[in-house]
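The sequence and the model are shown below.

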Amino acid sequence: MATINVRKKEVTRDPDHCDIPYYVSEFVEREVGNDYDSLRKLDNLIDKLSENKRQLEEQVLTVSSEVPKRIQNALKNAEDSKKSLSRLLEEETLLSSSISSHLLKAQPWMEDLDVLISQVEEIERHLSYLKWISRIEELSDSIQQYLMTNNVPEAATTLAFMAELDIKLQESSCSHLLSFVRSTVKFWHKILKDKLSSDFEEVLTQLHWPFVGPPQSQALGLAAPASAPDMYNNLETLFCQLLKLQTSDELLTKPKQLPEKYSLPPSPPVILPMQIMLNPLQKRFKYHFTGNKQTNILNKLEFSRGLVMLILEKLAADIPCLLYDDTLFCHLVDEVLLFERELYSVHGYLSSFPSCMHILSEESCFQRWLTVEKKFALQKMDSMLSSEAAWISQYKDITDVDEMKVPDCAETFMTLLLVITDRYKNLPTASRKLQFLGLQKELVDDFRIRLTQVMKEETRASLGFRYCAILNAVNYIATVLADWADNIFFLQLQQAELEVRAESNTVSKLQLGQLASMESSVFDEMINLLERLKHDMLTRQVDHVFREVKDAAKLYKKERWLSLPSQAEQAVMSLSSTACPMLLTLRDRLLQLEQQLCHSLFKTFWQMLAEKVDVFIYQEVILANHFNEGGAAQLQFDMSRNLFPLFSHYCKRPENYFKHIKEACIILNLNIGSALLLKDVLQTASENEITLKPNQPSATAALNELGVYKLAQKDVEILLNLRASWPNTGK
């Protein structure tokens, strides 16, 4: 065995080769080791290894006999595949040769056939050409016959059919045929239009069109002729016949259009009978509102309803003269907006038609409008903030209306923004609306900065009237903007802004996702800044009151909690005299700010203050002292009967906002038996945590049973140690 041990030490493993001596040495060490009695196992080991050797030899023989058969089968399959491929290649060669020979023989036939087909197609084109000419001549003859028999309606119908044929031929390359059809349509259209227009104008004249006098005189004038019904029937008939010429009129007449810079949407031309009815009005309009007429004074411009295209032409001509006169330009914009509102609301004008807003959307005009709008808005902001009533609520004497306690300047500012929205909401393109939205955001930010500047001047009087009014203003603006964010108009602008940003790649995928999912709004940036300002101002107020409370609580912190008489020794419990200054300070400040802050702000204020007072009394009064039975009872009386009720006006269970104090009073006022039991449970729970013993009583369950949820186990142990008197248990 010693020899084996020596050799074992000498044998090392070579990781790069199959090291048989190493494995043998390991095997002997594992099976025999240093136990001499293990040598008796050698016979069994030899038999076992011999059996393993025999099995391995059989496996090798089996594998070596099966492999050649598989190889032979694979070679046979490969040979068969090779023969099949050779056969397919031979067939492909024969077929290719046959096809080439056939194509070669058929080539002359194909060339002859192509010539014949080309000739047939050319003859068919000639025949079709002649048929078109014949068809147009037939229609032309029909119109002539109808006019000779004074059958104007049928002539107009036939002309309409001829005009439709003209439209169908527009894609043809037969220029002479197109010219022939167009000239024929033009010839008959002029004859029919002149005849029908003359008759239509004659009837209009008999009806005293246009009606430009007072309605009463029109009614009297029209009631006189006995043939009025016949005239109206005549008017209707001629109107319908003129409508039949609409198609040919659109083919022959190019509509008058304003320059492309106004980006007017496409719109159908005015129907032919309506054009005839507008002619006298157009003459009057041009007479009064073009040239050197006295009625064409820019600062006394009046718009005629219904003549929108004429008005657009007039605007396009006059606006360049007004761009640098703020007064006249503003007057023009106001008149346009009033006209637009009446046009849509009263007369049902379609939003898809050209309107005056397209003229105002032209680049130079629009930029001037933005500039002037901003200028007057800033002037309005200056005047509203410098007003004597800037920080006074208009509804201060009406309790139901004055819930928000909004100062006049804030309400006037939001009204200004609302008016701006109303002015630009009918702009034809989303990009122009987004530019106005940007102006509104600038104004909100400017107003926020102005409020911040005024607030800084009032910092030393953070509980004063003006400081509270500024805070109410900030809260009101943030609230209104949040409400506007859910308005359908601003949601549509948010979608437009999303598309613009996605195209320009100016924001992250996260921001795009938030905009698309409506998690954010177009006013989020402004609202966040206002909320931050509101929080800072509220925090400053809370800190101010809290400092006063701390100063008033100095004597209360030094109360003799360790030597106060027990409850049984007192006839009636009364408030600690040292707590009076602190509670009076709290009461006065709560009453003052309840009157000066709106409900939502005051709720946040008292909750923040309650949290600070709760931690202060817990840390500075309770944890800094020891309590006998009387001291613990006095603390609980001061808190539950005096501090908590100060906040009962604002919530049903004020003690829930002073959880540190409430639960500390529970622990300090436990009777001796319960306190000892709790102490033992906490100690046992701590030991179980160390020894990892499961299924033991939980400290959390014991505390919850007492009504303690906020304080941790360590905190309760500290509070138990603050109790002054414990019985001698012999431990």
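A residue is called buried when its relative accessible area is under 20%, exposed when the value is over 50%, and partly exposed in between. The model discussed here is predicted. In it, Thr578 has a relative accessibility of 16% and therefore counts as buried. Thr578 belongs to the loop that runs between α20 (554–557) and α21 (580–596).

Which residues does Thr578 touch, not counting residues up to four places away in sequence? They are Ala552, Leu555, Tyr556 and Glu559. With Glu559 there is also a polar contact, made between the side chain of Thr578 and the side chain of Glu559 at 2.7 Å.

## Helices α14 and α15

Two packed helices are described by the angle between their axes and the distance between the axes. Helix α14 comprises residues 408–424, and its axis comes within 10 Å of the axis of α15, with a crossing angle of roughly 170°. Because angles over 145 degrees count as roughly antiparallel, α14 is roughly antiparallel to α15.

On the α14 side, the residues that take part are Cys409, Ala410, Phe413, Leu417, Ile420, Thr421 and Tyr424. They meet Lys433, Phe436, Leu437, Gln440, Leu443, Val444 and Phe447 of α15. Sorted by class, this contact has 11 nonpolar, two polar and one charged residues.

## Helices α15 and α16

Helix α15 (residues 430–457) also packs with helix α16 (residues 465–484): their axes come within 10 Å and cross at roughly 160°. The two helices are therefore roughly antiparallel to each other. The crossing of α15 and α16 is left-handed.

From α15, the residues in this contact are Val444, Phe447, Leu451, Val454 and Met455. Their partners in α16 are Arg466, Tyr467, Ile470, Ala473, Val474, Ile477 and Leu481. By class, the contact has 11 nonpolar residues, no polar residues and one charged residue. Val444 and Phe447 of α15 are listed in the contact with α14 and again in the contact with α16.

Ser352 is found in the loop between α11 (326–345) and α12 (356–360). Is this residue buried, partly exposed or exposed? Its relative accessibility is 45%, so Ser352 counts as partly exposed.

Ser352 and Pro428 are 76 residues apart along the chain, while their C-alpha atoms are separated by 8.8 Å.

How values were computed: Residues are numbered from 1 along each chain as its sequence is written. This is a predicted model: local features need pLDDT of at least 70, side-chain atom pairs count only at pLDDT 80 or more; totals for chains, interfaces and linings use all residues. Side-chain values use heavy atoms; hydrogens and water are left out. Helices (H or I, at least four residues) and strands (E, at least two) are DSSP runs, numbered from the N terminus. Buried means under 20% relative accessible area, exposed over 50%, partly exposed in between (1.4 Å probe, protein chains only). A polar contact is a pair of N or O atoms within 3.5 Å; within protein, one must be able to donate a hydrogen and the other to accept it, and residues adjacent in sequence count only if both atoms are side-chain atoms. Contact means heavy atoms within 4.5 Å. Axes are lines fitted to C-alpha atoms, for helices over the stretch in contact, and angles run from 0 to 180 degrees between N-to-C directions. Angles under 35 degrees count as roughly parallel, over 145 as roughly antiparallel, 65 to 115 as roughly perpendicular and the rest as oblique. A crossing is left-handed if the near helix is turned anticlockwise from the far one by less than a right angle, and right-handed if clockwise. Ala, Val, Leu, Ile, Met, Phe, Trp, Tyr, Cys and Pro count as nonpolar, Asp, Glu, Lys and Arg as charged, and the others, Gly among them, as polar.
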